Structures are given as structure tokens and as C-alpha cells.
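Reader: Hey, could you walk me through this model? I'd like the sheets, the helix packing and the contacts between parts.

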Amino acid sequence: MPALDRNLLHRFGLLLVILFVGLVLSFTTDTFLSVANFTNVARQVSINGILAVGVTFVLLTAGVDLSLGSVVALSGVACATFAHPGEHSVFVPIAVGLLTGAACGLLNGVIVTRGGVAPFIVTLGMMTIARGLALIVSGGRPVANMSDDLTALAGDFLGIPIPVLCFAGVSFAAWFFLRNFRLGRHIYAVGGNENAARAAGVPVERVKLFAYGLCGLLTGLAGVVLAARITTGQPNAGQAYELDAIAAVVIGGTSLAGGVGTITGTLLGVLLIGVINNGLDLMGVSSYYQAVIKGLIIVGAVWLDRRQARS
Amino acid sequence: MLRALELRKDFGGLTVLHPTTVEFRPGEVHALMGENGAGKSTLMKVLAGLYRPDGGCVEWRGSQVVFTSPHDALVAGIAMIHQELMPIPGLSVAENITLGTEPSGRFGRIDRNAQLLRASELLRELEADIDPTLPMRSLTVAQTQVVEIAKALGRQADVILMDEPTAALSDHEVNALFRAIARLKACGVAIVYTTHKMNEVFRLADRISVLRDGRLVGTAAASEMNPAKLITMMVGRELADIFPLRQPPTDKVLLEVSGLTREPSYRDVSFQVHRGEVVALAGLMGAGRTEVASAIYGMQPALSGQIRLKGKLLSIRDPQDALASGIGMVTEDRKGQGLIPALGVGQNITLSALRDFSLGPLIDQSAEASASKAQMVEFAVKASSPTQPISQLSGGNQQKALLARCLLGGPDLIILDEPTRGIDIGAKAEIYALIQKLARSGKAVLLISSELPEVLSLAHRIVVLRRGSVAATLDAATTDQETVLRHAMPL
């Protein structure tokens, strides 16, 4: 019971913060409270959302992935390279983007599990490697001239932006997976106590490999979606995306020490960051100040949360 | 010299220590006895400045004091050996022992030579053969415990609070500790001592205070007490002989280990375990008991030798292989290698056998829930619900949950490494009964325990290890503690 209560309280608390921010914005701006703006927020958060869901898996195993932003760029460039009109079917660039991301993630996972190198270091290395590769593949220039079939991915389906649908689908699948799959349970066990999980017969290495691989795959998806949205493969895209994604997950109650966290928490974290970004934009706050304010809110939210958890 | 005056402590609205008044005198060993959750550790932690009292006060040398941190208490002269070991794994043994009291050399630097010297003196006082330059992480649980004791001894305190200092120790180290305690007593140090081992209390204590459900039941001179009376005071009821009767084993060989070797831990270890039999691995700390068990369970496979189960040669590379072959294990280090603290009791129990409650890769939630509930009932795991995080349970209930996990998959051979460490006498009795029940049902148990009475009463046969080799195989019915020890001691 106490655990359940705290969970509810936590989600409830975060929801209240989001509603409060929304309420303030509804009164201070005339544009916040509109269907158009809500659609806008959803579209804006979808890429960070997909990344956050992916990195939730890694954080749950007590790991970390700092290479998200760079891999977004590399996947986007790889996707765009195969997306020139009339060359391939639309599925080819999509597959190339997804596989590029998955390969980077798996490589992270292999080095973490087989090499025993700390995830922080491995993914820090991948961060600069993937960025370098993106620049090499693209020759340092944006890869333009993408087919309409692919850029249509940034459009609407039944009035809902496709990136938002991707985000929703990914979130639901991840939520269902962590709840109902044996592998999902194993992820919590490995993050909660790796040695105990191993002693209980959990295939710890395979579980971690899966988490990094899946995170990579979703990063690839984010790369494809971003490329479709900006209609180019940008080697410099995705700078510091990993920070927003990890911040969202941590705000959502996932422990950096692993083993604790939920997808619903992550969604709320993504939403909070999205609403804050949107609100600051609408209020016309300069981007310099935006960065400061966002940082304060992230630290403040987690601080409040931890204080609540301790009491 | 140290007095608890009407001391009270609450946790989240629950009073875990009702107003308690006890006095601790210099040159005296004062044992605090009680089941888990009786309030012994809480009382000690308040005295050591770790917890702030919610009522009453601590009187120290005639004046009331408020310790706001363990540091305050240490400065005043009160040191504590904690039940949960808290080593700093990255530092050396010597650095751990002198932590916070590092001898300073010139320019405020640490005087490394003095540090090493002091550490080795303290270790020698405990007759421990541990190299103080080793990194802490390379030590076994028992060695870590010895280092923690050395650390407290090095504080030159006037009061030393010892919360189950011998939980991880074998008889040899226990004896060394007792000799050190005798020397401290002679110097006028007051010792406050908790343990779950009955024989220690009467060897050591001058006075005994019994706590039950957070209340002081009474304090008496040890000479006025006896084990039966003490148990009655602790549990509030008469407890019959807690060791159940052994049934004779069958002659069907279940496990056959031959020539198991992993230098330098153990070599050429061979023995058999029959169906219906409880075999104990006995030996001093570092004799290789846990290492041999870990090899059979695949946590650290042997480099050579054979393991046969039901006559079939097994190749066990990790615990997954062992579980699939029908070997289960409850590890010695409950916190480090047992519990997944954030998961619920139910999910902890089903972790090893989750495949049995799955449809393909999917967990069958209702099958899992009913299995975990059934296990909780069968093993008498007390928790508010299956979703309660296992970290919130008492040690005894955690241990029963881990046993439930181990047995859910239906293993034929069950390895139990120190299954009763640090749990109260009620839970111990339940685990003893369980071990005999397993044997009666045709399974086999390989037991490791540092408590010789436990070994002698539970096991059919005792395989004594000495420095990694089998020194003797004894029939438990015809042997005694002295014989086991004689074989276990290095010549």
C-alpha cells in the first residue's frame, strides 16, 4: 500500500505541477489555451518524447545514454541519404534510419556488457563518434532533396500529426512491454540489484543489451521523424537532445540508480518540459533566459520530488 | 556511565521503542536480547547519535546530552559496530580502519606508515590474518566484518555498541573477538552487545536486558538467567526444542561433486548428497565453503572438476544453467545478492521461476499473482500485500521470501548459505522446519552455517573444509562441536 500511495502521489504531484503551469499560461497568454497550440505542443514534444521513452529503458537498468542527440543526427543523415526522390521506396530510408540508430545502441550495449566499461564513458564516446560519422557521411553539409513520401511523415494522419502518433504508439508499446513482458520485469530486476538478479537466474547481459539496442532503435526513429520534419538530414541536428530526454525521465520519477520508474512518469516529464518550453516561447522570453529558467525548473522539480519521497 | 532515560523513538507514527530506561556500566558486557524488530538496533542507534530520540534523553557521565550525529557520539567516546556492514570498497583495509581518525603526518598529510601500523595492530588484536593494504572490495563478508570491528576498537571509545558483530563470523574469529572484548572490559570499557546466538550471550554477558515489541521486558544479571528463561522472555511464550527431528536419508545419490578445483580458493573437493539428506559444509572463514557452493550454483564456476546431478554430468556456467538443471540457492549476502529492493515481495518471489508463469514472452499476471500469494502463505511471509517493496520487510520475512523464490521453481537440490543469519528465533525455527520438510519430500539440502549447533542439529553429514580442501566427512549424529572444530582448524 505505501508504495502504491507514493506512486500515485508522485504522479498526481507532477500532474498538478503541469496543470498549474498550464493555468498560469492560460491567464498570462491568450494563445496557450487553444486546440492549435495543444497540437503544436504535442508535435514539439514528440521527438523528445520518443527519445525519453527509449532512454527510460536504459536508465531503468542503472545505465545512461549520452549519445542520443548525435545518433539522432547520424540516423537522420543516413535516412536522408537514401531518401532522394525516385531512388528507393519510402521504406528503405526509414529502415536505414532505424537500423543506424539500433546499431549504435547495440554497440553501446556490447561494450558496456562485454567490455565492462561504464555506460557514461561508452556513450560519451558514441556521442562524438556518431556526430563525427554524421559529418563524414554528409560531407558536413545538410542532406537535402528528400522525397515527398518521406517528408509526409511530418504531416497529419486523420488530423493528428504523424510524429505525435509515433510518440503515442511507442509510449503505449513501451508501457505494455514493461508491465507485461518477462524481459520488462527483468529490466527492473537488473536495475534494482544487478548481482541479485544474476543470482536469481536473470540473463543480465542480454537484458542490458536489449535496453541499449531498443534505446538506439527509438533514437533512430526520432532521427527519421526529425529529418522528415526539417526536410533535410542535418549533421548538426539534435545537439543536447539527450539532456532534455534524460531530464524528462528523471522528472518523471525514474531513479538514475536504476530499478525504479514508469513510462507514465516519463510521459508526464516530457509533457512538463514541453509545456514550459511552449509557455516561455508564447510569453516571448528570450532563449537565453529560457535556458536558465528551464534548468531551474528541472532541478526544482526533482528536488521537490526527492524531498517528498524521503518524508 | 551511560544511561538511556525514558528513551522513545517513533517511525512514521509508529512507536518502535517505547520509553525505555537502561543503564550501562563501565567494565561490563551488557547484552540486549530480543527478536528482530524488538527495538535493539533502534536503541543502539539512538545511543550512537544515529537517530534523534522522540522522547526521553541520553545521560552520559552524569549529564544529559544530545548527539546530533554519530560524530558527536564518537567524540564523546561512544563507538558502534553496525549490523549492516558499511565498508568503503575502494579504499584499503587500513584506510577503512582509520577512517576519520587518520594519523596525520607533516603538512596535514596522512602518515601512511602509522596508518598501516595501527591497522595491523588492531587486526592482530583480533587475530585476523588480513593484509591491511588489500582493497576492501577483495574481502569476504566475514573479513569485512572483522575490519568493521577493528575500526570500532580503534576509536579508543569508552562505550562500544556492537550490533550483531558475529553474524558473519565463524567460531575462530568469534573467539578472537571475545578475547578482545575481555581485554576491553579489563580496561573499563562498557560493551553493549546484541546477538541472535544464544551460547554467546551466556559466555559473554554480565547483564542481560530483554526487549520485546519495542518495550523493555526486564534486565537481569546473566548469572540469574538461563537459555529457556531468556527465550521465554524474548518471545513471550515457551518455545519447545526448535530443531525438528531428522528423518534418515535415502541411498539415492542426487548430487555428486568430484575434484572441484579453483585455486587458490579450494581444490579437489569431492562429496555426495543423497535424496532426503541435509549435508552441511563446515569450516572457518576463508575455508572455501561459499566458494564451493557458488561453483555448484554457477556464480563462480570451478576451473576443473565435475558436478553430476541425478547421474548426469552438468556444465554450469551461470545460475541460469543451475536453475534449469534443478539446483537452487539462497545466497549468504541477502542485501547484495538476494533482494531486488524496489520490487514488491511478490515479484521478488517469482523472479527465478517467471518463465513458469508466462505465455511466450508475456507474463501471465493472474497466474503470477496467485503463485506469489500461495508462496507467501506457505512460507509465512508477513507483508501488507504482495506489492509491498521487499526492502520494507524484516530480515526474517525477507529471508523467507528468498527461500520462497528459490523453491518456487521446484529445484531438487537446494543450497542454503547462512540461511538464518541475522534473523530472529521465531523465523529461525520456521526455516529449520522447512529444511527438514524439504529433506522428507525427497529433495536434498546443502547447508552452510557458521553456527555449529545449527549444523549439528540439522545436517545428516558434515563435510569439513580446511583451507580449501576436504578435511573430514563426519556423521552429525555421532560427532560434536569439538570434533568439527578440530578438523576445521589449520594444523
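Author: Here is a short chat about the model, taken topic by topic.

Reader: Before we start, what kind of model is it and what are the ground rules?

Author: It's a predicted model, where local features need pLDDT of at least 70, side-chain atom pairs count only at pLDDT 80 or more, and totals for chains, interfaces and linings use all residues. Residues are numbered from 1 along each chain as its sequence is written, while chains are lettered from A and ligands numbered from 1 in the order in which they are written.

Reader: ok, and what are the scores?

Author: The model has ipTM 0.84 and pTM 0.78. Chain B averages a pLDDT of 88, with 97% of the residues at 70 or above; pLDDT is the predictor's confidence in each residue, from 0 to 100.

Reader: How is chain B divided into domains?

Author: The assignment gives domain 1 (2-235) and domain 2 (253-488), with bounds that come from an automatic or database domain assignment. Their C-alpha centres are 30 Å apart.

Reader: Let's do sheets. In what order do the strands with β6 and β10 of chain B run?

Author: The order is β6-β7-β8-β3-β9-β10 in chain B, an open sheet of six strands with mixed pairing. Strands pair if DSSP finds at least two bridges between them, and the elements are DSSP runs numbered from the N terminus: helices are H or I with at least four residues, strands are E with at least two.

Reader: Why do β6 and β10 of chain B have one side without a neighbour?

Author: β6 (78-81) and β10 (215-221) of chain B are at the edges with a single partner strand each, so one side of each has no neighbour in the sheet. From one strand to the next, the twist averages 15°.

Reader: How do β7 and β8 of chain B pair?

Author: β7 (residues 159-163) and β8 (residues 190-194) of chain B are parallel, paired over five bridges. In that pairing, B:Asp163 is opposite B:Thr194 of β8(B).

Reader: Which helices sit on that sheet?

Author: Among them, α6 (residues 171-186) of chain B touches β3, β7 and β8 of chain B, and its direction makes about 145° with that of β8(B). α1 (residues 40-47) of chain B lies across β3 (29-33), β6, β7, β8 and β9 (207-212) of chain B, at about 150° to β7(B). Angles run from 0 to 180 degrees between N-to-C directions, and axes are lines fitted to C-alpha atoms, for helices over the stretch in contact. Contact here is two residues whose C-beta atoms, placed from the backbone, lie within 7 Å.

Reader: And the sheet with β16 and β22 of chain B?

Author: That one is open as well, with six strands in the order β16-β19-β20-β13-β21-β22 of chain B and mixed pairing. Its edge strands are β16 (327-330) and β22 (469-475) of chain B, each pairing on one side only. The twist averages 20° from strand to strand. β16(B) runs parallel to β19 (residues 413-417) of chain B, joined by four bridges, and B:Met329 is opposite B:Ile415 in β19(B). Helix α14 (residues 395-408) of chain B packs on this sheet against β16 and β19 of chain B, at about 170° to β16(B).

Reader: Switching to chain A. How do α2 and α7 of chain A pack?

Author: α2 (residues 35-60) and α7 (residues 162-180) of chain A have axes 8 Å apart, at an angle of about 30°. The crossing is left-handed, meaning the near helix is turned anticlockwise from the far one by less than a right angle, with clockwise being right-handed. The residues that meet include A:Ile47 and A:Ile50 from α2(A) and A:Phe167 and A:Val170 from α7(A). By class, the contact has 10 nonpolar, three polar and one charged. Ala, Val, Leu, Ile, Met, Phe, Trp, Tyr, Cys and Pro count as nonpolar, Asp, Glu, Lys and Arg as charged, and the others, Gly among them, as polar.

Reader: What about α2 and α12 of chain A?

Author: α12 (residues 263-282) of chain A crosses α2(A) at roughly 145°, with the axes coming within 9 Å. That crossing is right-handed. The contact has nine nonpolar, nine polar and no charged residues.

Reader: Last one: how many residues of chain A touch chain B?

Author: 23 residues of chain A are in contact with 28 residues of chain B. α8(A) gives the largest share of the chain A side, six residues. That side divides into 14 nonpolar, six polar and three charged residues.
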